[in-house]
Amino acid sequence: MREAAGISVAIIGSGGAGALTAGNLLLEAASLAGWHGLLTRTVGPQIRGGEAAALLRFSTEPIACLSDQFDLLVAIDWANANRFDSEIRLGPSSLVVGDPAGGEPPPSVVKSGARIVNIAMKNLAKAVADARPNMIALGIAARLMGCGGATLMTAIEKQLADKGTDTIRASQSAIHCGIVAAADLDLGFRLAAPEVSDAKRWLISGNEAIGLGAIRGGIRFAAAYPITPATEVLEWLAPNLARAGGVLLQAEDELASVNMIIGASFGGTPSLTATSGPGLSLMIEALGLATAAEIPIVVIDVMRGGPSTGIPTKSEQADLNIAVYGFHGDAPHLVLAPQSVADCIFTAQWATYLAESLQAPAIVLSDQFMGQTRAAIARPADVAFIGRRREARDIAAPYKRYALSADGVSAMAIPGTRAGQYTADGLTHTERGIPTSRAEDHGAQLDKRRDKLNQFAYGDHWATIDGDGEIAVITWGSLTGAAREGVDRARADGLSVRLIAPRLLFPVLPEQFAAALNGVERVLVVEQSHGAQFHRYLRAHFELPEEVHVLHRPGPLPIKPGEIHRALVEWRS
Amino acid sequence: MSSVDTRLACKPSDYKSDVVPVWCPGCGDYHVLLSFTRAFAALGLPREQIAVISGIGCSSRIPAYTNCYGFHGVHGRSLALGAGLKVTRPDLTVVVASGDGDGYSIGGNHFLHACRRNIDMTYVVMDNRVYGMTKGQPSPTTEPDFDTALTPGGTGLSPFHPLVIALASGANFVARAFSGSPNETADILADAIRHPGFSFVEILSPCVTFRPDEREWKSMVHPAPVAETNDPARAARRLMTDDGFNIGVLYRGERKPYRPPFGHPSIDIAELEKEFEL
């Protein structure tokens, strides 16, 4: 049988059926066995009675996105499957396993030409005491990808440890039933065995990675108001901040959460909150205050479909405009975007470092794809970015909180520091912080806040730049993984392509961007936004070559590597 | 209640900055500023250990007029600034200053939750029953027939009762003061600052520009006819018949302040990574 480097598996079911549990166990087992893997969840808005899908991909190579098409779909039941069938693309080579007791597959699945096989998962589960059909589904998927051995049983024991040995036994028996039931099935290929390596690996979600990176960067206070899909950032931080000597406070709303972190940061504690689009909208006024009063804070925006309530559980990259341009007045600040689950750690840490160094607010644009994707990654290297602001000590009167220094950063007195008393103010102020409406003072402080950001040495971290071809794929955020894969495929076809993905979106660095574009004749912009916000942002700030194509669409359908590859290849002809 | 002890080394003037207030001549807030400085001096607090936090409005200008650390934030959010600061800096004395528009209208939700949260800080609302800085619109405490350009003929709405709401929401200390009696107000403020948990002090502070009728308040205020209580039910009953001009401490609760542990790590940061290891 043909051997393949990767496989894509979807496990679906109605909300509460346990599709995500089964998917997470498969991810854990395959990761323990040594494969690279990731799981992206896609769910409806309901807590129970909706729909849920675990979209999985495994490979012998590192991966950072879902693939173009699914090789295997296991449906615990078909209830509500039509709500996300467009997100689970199938083809004639795909295998679909369903349970007749769980309804009929939706027309799109039938139309895809995929081979459809029935296994009575519900009945099989009934035959095992305390077993659930999702564990039968897990056994089927594990068998078909060749991952049904000891590592799966270990994963079960680890994940279900707190549920007791009876549950573990029942689950293991059910998985075994599934493995047996799928014994005669095959996908027409076999997943290549993973390379055995001693390197330390982690299983982590993007939202958890943001939290870890923030603590590594020095964050010790968070204020929280729950919002999908950002809540896991806050839920991970709540116990872990406490262990690290910090604290998380639940706020009454996002207006409070952002102001709480401004208050804490004024007191000298690096501080963060996490939200999604509607919450960011509420926070914008206070972000302007943090800009004017020069209080460092970090705001994580895990983007979802918008505007308004939009699609809370699904991804989009359409908060770029509000993050960059949403503030009233001229308000220079930082906007960053991580590029993968692993990069969430680095970018959150770097954002904390930059905010503290520059005494400015930083917005970090993650998204639901990245935030709610769990991935097996190599243990990320420790990096030296620890947020430390320039503090005023041993102050000789009169203290000038907003002194016009050469680099624009002025030493900040932390309450408790003698002779440092000043009033942080959103009103235009003098160097001493005293309110003023004089034109000269206004101009001087606007210049100061602009210059401190523009003069900073951001180093190479501002962007990922890969290759030197005359065609450039320019993208950002979670699409960087898909773009990299599309670029790799185009290179295999003989195209000369480079990848440019800015991690620092604001302030813009025109010189560095021009250097990154040096020799580029054609540009393909790739983004998950209906209004092509990133394309317009690029046009506003940088000189692009004459030939520019834009591959963009709103969420929640992720742009796949194959589409990017096709756009490059078709452009050639 | 003892009067302010002026024998302490700290003088009220030590707590006053050289910034000239923007307030109108005759504004009640001048006396509130005086009460602040007298209370701080009476408590002998180091200036750098005090943070005065405010929002937007005439009264919210007060931080810069003190010689303490200050924060003049956005409209209505001063309690959130104060909460974040106090939780992470329990060593500081945090006084949040607001007005009836800032504190009861745009900031109303934060008022409820600050009372409920009971963080150890003092919330002072200078109530003049009008938006002064935007020239005379009605606030939540304005009488229903107050005629303004924005609300011709008056709002027709009943005023909001801040002390009732503070008590019902869980404030641990509820008092009313009058700006025109700065010594008495300083006493109440010092008491409020000393009392653990969330202390709420409403200060009637006339706006002589847009509410010249409030000049009469000096003859309307009177000491509360009843002693303070630690029984919220009794305090609530008294408040329901309150004429709005009773001055003094009404309620002194015994609820434990909210003070989550901070600054005591139990592990190395590297330990946090362990849960992710395969």
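**Close-up 1. Helices α5 and α6 of chain B.** In chain B, the axes of helix α5 (residues 108-117) and helix α6 (residues 162-169) come within 8 Å and cross at roughly 45°. That makes α5(B) oblique to α6(B); angles under 35 degrees count as roughly parallel, over 145 as roughly antiparallel, 65 to 115 as roughly perpendicular and the rest as oblique. Axes are lines fitted to C-alpha atoms, for helices over the stretch in contact, and angles run from 0 to 180 degrees between N-to-C directions. From α5(B), B:Phe111, B:Leu112, B:Cys115 and B:Arg116 meet B:Ile165, B:Ala166 and B:Ser169 of α6(B) (contact: C-beta atoms, placed from the backbone, within 7 Å).

This is a predicted model: local features need pLDDT of at least 70, side-chain atom pairs count only at pLDDT 80 or more, and totals for chains, interfaces and linings use all residues. Residues are numbered from 1 along each chain as its sequence is written, with chains lettered from A and ligands numbered from 1 in the order in which they are written.

**Close-up 2. A five-stranded sheet in chain A.** This open sheet has the order β18-β20-β19-β22-β23, with mixed pairing. Its edge strands are β18 (463-466) and β23 (547-552) of chain A. Strands pair if DSSP finds at least two bridges between them. Helices (H or I, at least four residues) and strands (E, at least two) are DSSP runs, numbered from the N terminus. In chain A, β19 (residues 471-474) and β22 (residues 522-527) pair in the parallel sense over four bridges. A:Ile474 stands opposite A:Val525 in β22(A).

**Close-up 3. Helix α17 of chain A on the sheet.** Helix α17 (residues 533-541) lies across β19, β22 and β23 of chain A. It runs at about 135° to β22(A).

Note on methods. Two residues are in contact if their C-beta atoms, placed from the backbone, lie within 7 Å.
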